[in-house]
Amino acid sequence: MGALFVKLHSPVETIVFEGHSFYLKRDDLLHPDFCGNKARKFHYFLENDFQDITKIISYGSAQSNAMYSLSVLAKTRGWRFEYYVKHIANYLKQNPHGNYKAALENGMHITENRPVPIPADNHTLLIEEGGHQKEAEYGIKVLAQEIIDWQILKGIEELNIFLPSGTGTMALFLQKTLIKAKRVQIRVYTCACVGDNSYLKKQFFELEENEKYHPALLSLEKKYHFGKLYRENYEIWLKLQQETGVVFDLLYDPLGWRTLLAHDEVISKPTLYIHQGGVLGNESMLPRYKRKYKNIECIEGVGDFWFVAKQ
Ligand SMILES: *Cc1c(COP(=O)(O)O)cnc(C)c1O
């Protein structure tokens with residue numbers, strides 16, 4: 001498979017949700033195989049010259065979006081891809097689906113319950129879990145420039161940007177790039193989906209010591225655990241689909257939207273929500289919701305899942 005000849009560039013749409021108008025940056029539409037948050041973060045590895053590299057090693061969960069995107073990157077560049085996980089659920093092994101299945105189909109070599117080898121040669125790239133590393137800044141700068149160009153074209157002065165965070169890499173580099181480009185009228189807001197605010201702050205500091213480049217944190221009162229199922233999360237996900245026609249991811253976006261909607265001071269100004277992809281992961285989340293909440297019915301269409309609440 002040759003190089004992925006794509007110019008990563010995504011459209012901005014206008015949507016109305018819960019009576020508010022939002023701009024939506026459709027990074028989920030960047031490319032059918034390489035999209036969303038991880039495409040921006042791994043853009044650097046797609047475009048730059050790595051003559052000596054033959055292999056990438058990474059680690060994380062067996063359903064991660066980063067794992068799938070790395071499998072696309074490795075396949076595209078003709079590299080071997082080795083991925084380390086703590087554990088693969090038996091159910092997943094027996095019924096491969098979602099990111100796991102797609103990454104295996106791209107030739108991923110997965111290893112369970114072994115330490116991640118630290119490469120000592122110069123043929124191997126080690127990629128941090130979730131792409132939390134400085135190379136991510138390269139592709140996020142491209143995203144920031146797209147937003148700046150759009151904002152100028154639209155004549156929007158003040159703008160709030162919102163996106164839900166895992167490692168905080170995307171939110172941090174986005175805010176940093178905008179400040180460095182002197183776009184002080186654009187403010188980046190995020191919320192912690194993995195861990196709490198102090199964990200997210202720590203993640204920001206690992207990538208950037210100067211706090212003036214950090215995004216602003218928003219939160220809800222109740223604590224949510226990453227990857228767990230909450231009826232409120234499912235309900236807002238469904239409502240988003242019904243009101244806007246856009247399918248969001250089930251891990252980050254429900255908490256993201258719920259947090260954003262609870263902050264009137266943010267959404268009273270023009271607000272741009274970044275759709276960071278991850279929809280392939282819904283293939284594992286939706287059946288879990290269906291099993292947990294019996295009065296939810298799942299209708300599987302062609303490549304799409306639709307849920308309806310039983311009356
Ligand atoms: C990885 C990911 C995130 C979290 O991004 P960070 O840069 O780690 O904060 C959010 N949404 C989706 C869909 C992702 O794949």
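**A buried lysine, an open sheet and a buried leucine**

Lysine 38 lies in helix α1, which spans residues 36–47. The model is predicted. In this model lysine 38 is buried. Even so, lysine 38 has no salt bridge. The nearest side chain of opposite charge belongs to aspartate 249, 8.4 Å away. A salt bridge would need a side-chain nitrogen of Lys or Arg within 4 Å of a carboxyl oxygen of Asp or Glu. With neighbours within four places in sequence left aside, the contacts of lysine 38 are Asn65, Ala66, Ser69 and Gly130.

The protein as a whole has 11 helices and 12 strands. Its radius of gyration is 19 Å, close to the 19 Å that the globule rule gives for 311 residues, so the protein is as compact as a globular protein of that length. Along the principal axes, the C-alpha atoms fill a box of roughly 50 × 50 × 35 Å. Of the 311 residues, 52% count as buried. Contacts between residues at least 6 apart in sequence were also examined: 74% of them join residues at least 24 apart.

Six of the strands form an open sheet. Their order is β1-β2-β10-β7-β8-β9, and the pairing is mixed. The edges are β1 (12–17) and β9 (216–217), each of which pairs on one side only. Helix α9 (residues 253–261) packs on this sheet. The strands touched by α9 are β1, β2, β7 (159–165), β8 (186–192) and β10. The direction of α9 makes about 170 degrees with that of β10. Strands β2 (residues 20–26) and β10 (residues 271–275) run parallel and are joined by four bridges. Within this pair, lysine 25 stands opposite isoleucine 274 in β10.

Beyond its neighbours within four places in sequence, leucine 172 is in contact with Phe204, Leu207, Glu208, Tyr213, His214 and Pro215. Leucine 143 stands 29 residues away from leucine 172 along the chain. The C-alpha atoms of these two leucines are separated by 13 Å.

Technical notes: Residues are numbered from 1 along each chain as its sequence is written. This is a predicted model: local features need pLDDT of at least 70, side-chain atom pairs count only at pLDDT 80 or more; totals for chains, interfaces and linings use all residues. Side-chain values use heavy atoms; hydrogens and water are left out. Two strands pair if DSSP finds at least two bridges between them. Helices (H or I, at least four residues) and strands (E, at least two) are DSSP runs, numbered from the N terminus. Contact means heavy atoms within 4.5 Å. Axes are lines fitted to C-alpha atoms, for helices over the stretch in contact, and angles run from 0 to 180 degrees between N-to-C directions. Buried means under 20% relative accessible area, exposed over 50%, partly exposed in between (1.4 Å probe, protein chains only). Lys and Arg count as positive and Asp and Glu as negative; His and the chain ends are not counted. The radius of gyration is taken over C-alpha atoms; the globule rule is 2.2 Å times the number of residues to the power 0.38.
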